[in-house]
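Hello,

Here is the structure I promised to pass on to you. Please have a look at it first, and then read on for my notes.

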Amino acid sequence: MNLAWQRFTLSDLPLKEYLATSYLRRFAVGLFNSWRQSSILMQSGDIIAAALISLVYALAPFVSSTLIGLLLTACVGFWLLLTLSDEPVPATVPLVTPIHLLVLLYWGIAVVATALSPVKKAALNDLVTLTLYLLLFALCARVLRSPRLRSLIITLYLHISLIVSVYGLRQWFFGAAQLATWVDPESPLSKTTRVYSYLGNPNLLAGYLMPAVVLSLVAIFAWQGWIKKALALTMLVVNSACLILTFSRGGWIGLVVAILTAIALLVYWRSLELPRFWRTWSLPIILGGTLGLLLLAVIFVEPVRLRVFSIFADRQDSSNNYRRNVWDAVFEMIRDRPIIGIGPGHNAFNKIYPLYQHPRYSALSAYSILLEVAVETGFIGLACFLWLILVTFNTALLQLRRLRESRNIQGFWLIGACATLLGMLAHGTVDTIWFRPEVNTLWWLMVAIIASYWVPLNQNNSQPINSSNLDSATS
């Protein structure tokens with residue numbers, strides 16, 4: 001059974017041996033290696049790549065999607081240059097992981113879905129966008145193998161999110177114009193300000209801030225020194241407050257899932273140092289206390305109670321009713337093209353959805369990650385996407401166990417990435433913001449963080465590899 005699980009999750013895949021004999025790698029990788037050896041600029045290739053990635057995450061909340069697309073294009077171009085000028089022989093730790101293989105498989109399914117799409121031109125346009133996101137992942141997974149660059153990019157994102165949250169809190173205290181009907185007009189909360197900061201939409205802001213909340217929580221443990229820990233605590237409080245004040249029900253669900261996951265993994269990390277009693281009971285006590293505080297908030301804080309109860313109001317809540325009508329149409333779309341879907345992206349969706357939509361219920365997407373993937377790439381693409389998620393979490397848990405045994409503090413970022421992915425999945429199950437560039441780039445950053453820790457299973461079992469080993473392996 002264990003062997004079958006390892007093979008299903010690609011844990012024992014001999015990637016180094018495969019790459020050493022791959023004709024494709026021999027043909028493409030290393031093509032410009034001699035030029036790179038003589039180029040002063042390319043000697044700092046990973047640092048330049050980190051700078052390009054930093055631009056994406058520093059500007060994403062403040063600029064248009066078009067500019068983000070141009071930055072992603074620059075990242076992809078530089079990734080291609082780095083790959084073509086790489087060492088032709090695989091490093092000790094290959095730059096390709098099982099996660100990379102499933103990302104590539106998902107992209108291949110999207111290509112087939114585009115080729116078979118009834119609206120090929122629209123699907124092709126969004127296939128290009130999907131390709132940019134996936135290659136951003138490839139570049140991030142490469143660069144983040146350096147613990148120093150990994151910490152630098154995460155720290156940058158946390159500071160940018162703090163700026164976004166502070167502006168969101170300013171909107172709460174001084175008021176902000178509601179740019180759409182974000183709350184049921186008949187609800188007692190219809191006049192409540194929902195903050196949206198620079199992102200223009202409270203649900204989108206909640207999705208953007210969720211990684212910030214989790215990463216600032218683990219930063220309290222990862223950052224050394226009381227000043228840095230105090231900064232991390234400040235970020236945690238400000239980001240959490242701003243996310244809560246978005247009044248995004250999906251964001252709240254995702255936040256609860258992410259925080260509970262992070263707490264469970266942090267207790268697991270510390271369990272080796274705990275006495276037997278606390279090793280057994282610390283997790284139930286902490287999780288029970290957290291859930292108790294949430295229950296008290298629901299009981300005694302009226303806005304929270306009203307917003308939470310609206311989740312269970314079914315069609316009596318206008319937002320719920322809207323989603324139900326969109327989902328009904330989406331199920332019909334999936335029924336008509338169940339195998340390979342209509343092709344990737346909202347452009348293809350916007351061409352096909354009007355043929356199925358209920359009157360007065362227009363939509364830009366399926367309002368659910370899983371339904372959207374099923375619509376775009378069929379059940380084949382959905383199966384691949386779920387396989388990718390499973391392999392990603394399996395990789396995270398395997399590497400967390402290794403880092404826990406060696407007490408490597410870089411493991412805290414792995415905890416943050418794993419908890420964030422679960423939170424984003426929970427939020428994205430009932431909302432559409434996952435496909436927006438401000439959030440989608442963060443999703444692939446989290447996946448890349450997990451991929452950056454990967455080492456082959458035989459090395460994982462035989463000898464722990466610390467951060468310095470990873471640096472030397474990829475230098």
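Let me start with Asp-46, which counts as partly exposed at 22% relative accessibility (buried is under 20% relative accessible area, exposed is over 50%, and partly exposed lies in between, with a 1.4 Å probe and protein chains only). Before going further, note that this is a predicted model: local features need pLDDT of at least 70 and side-chain atom pairs count only at pLDDT 80 or more, while totals for chains, interfaces and linings use all residues. Residues are numbered from 1 along each chain as its sequence is written, and side-chain values use heavy atoms, with hydrogens and water left out.

**Salt bridges**

What is the partner of Asp-46 in its salt bridge? Asp-46 pairs with Arg-142, and the closest N and O atoms are 3.2 Å apart (a salt bridge is a side-chain nitrogen of Lys or Arg within 4 Å of a carboxyl oxygen of Asp or Glu). This pair links distant parts of the chain, with Arg-142 in helix α8 (residues 120–143) and Asp-46 in helix α5 (residues 45–59), 96 residues apart. Helices (H or I, at least four residues) and strands (E, at least two) are DSSP runs, numbered from the N terminus. Arg-142 is buried, at 11% relative accessibility.

Searching the whole structure gives three salt bridges. Another one joins the side chains of Arg-323 and Asp-431 (3.4 Å, N to O). Arg-323 sits in helix α15 (residues 318–336) and Asp-431 in the loop between α18 and α19 (437–452), so this pair ties together parts that are 108 residues apart in sequence. Arg-323 and Asp-431 are both buried.

There is also the bridge between Arg-335 and Asp-336, again with 3.4 Å between the closest N and O atoms. Here Arg-335 is exposed, at 57% relative accessibility, and Asp-336 is partly exposed, with a relative accessible area of 39%.

**Around Asn-203**

Asn-203 belongs to helix α10 (residues 202–222) and is buried at 14% relative accessibility. Its side chain makes a polar contact of 3.0 Å with that of Arg-194 and one of 2.9 Å with that of Ser-248. A polar contact is a pair of N or O atoms within 3.5 Å; within protein, one must be able to donate a hydrogen and the other to accept it, and residues adjacent in sequence count only if both atoms are side-chain atoms. Which residues are in contact with Asn-203, leaving aside its neighbours within four places in sequence? They are Arg-194, Ser-248, Arg-323, His-427, Asp-431 and Ile-433, where contact means heavy atoms within 4.5 Å. Among these are Arg-323 and Asp-431, the salt-bridged pair from above.

**Aromatic rings**

The count of aromatic pairs comes to 20 (rings of Phe, Tyr and Trp, the last by its six-membered ring, pair if their centres lie within 6.5 Å; planes under 30 degrees apart are stacked, over 60 edge-to-face, and the rest tilted). One of them is Trp-269 with Phe-412, a tilted pair at 5.1 Å centre to centre and 45° between the planes. Since Trp-269 lies in helix α12 (residues 249–270) and Phe-412 in helix α18 (residues 411–428), the pair ties together parts 143 residues apart in sequence. Both Trp-269 and Phe-412 are buried. Elsewhere, ring pairs join Tyr-106, Phe-137, Phe-385, Trp-434, Phe-435, Trp-443 and Trp-444 into a cluster.

Two arginines sit over rings as well: the charged end of Arg-150 over Tyr-453, 4.0 Å from the ring centre, and Arg-404 over the face of Tyr-268, also at 4.0 Å from the ring centre. The criterion is NZ of Lys or CZ of Arg within 6 Å of the ring centre and within 35 degrees of the ring normal.

Overall, the chain has 21 helices and zero strands, and 55% of its 475 residues count as buried. Of the contacts between residues at least 6 apart in sequence, 78% join residues at least 24 apart.

Arg-360 is in the loop between α16 (346–352) and α17 (369–406) and is exposed at 73% relative accessibility. Arg-407 is in the loop between α17 and α18 and is partly exposed at 29%.

Best wishes
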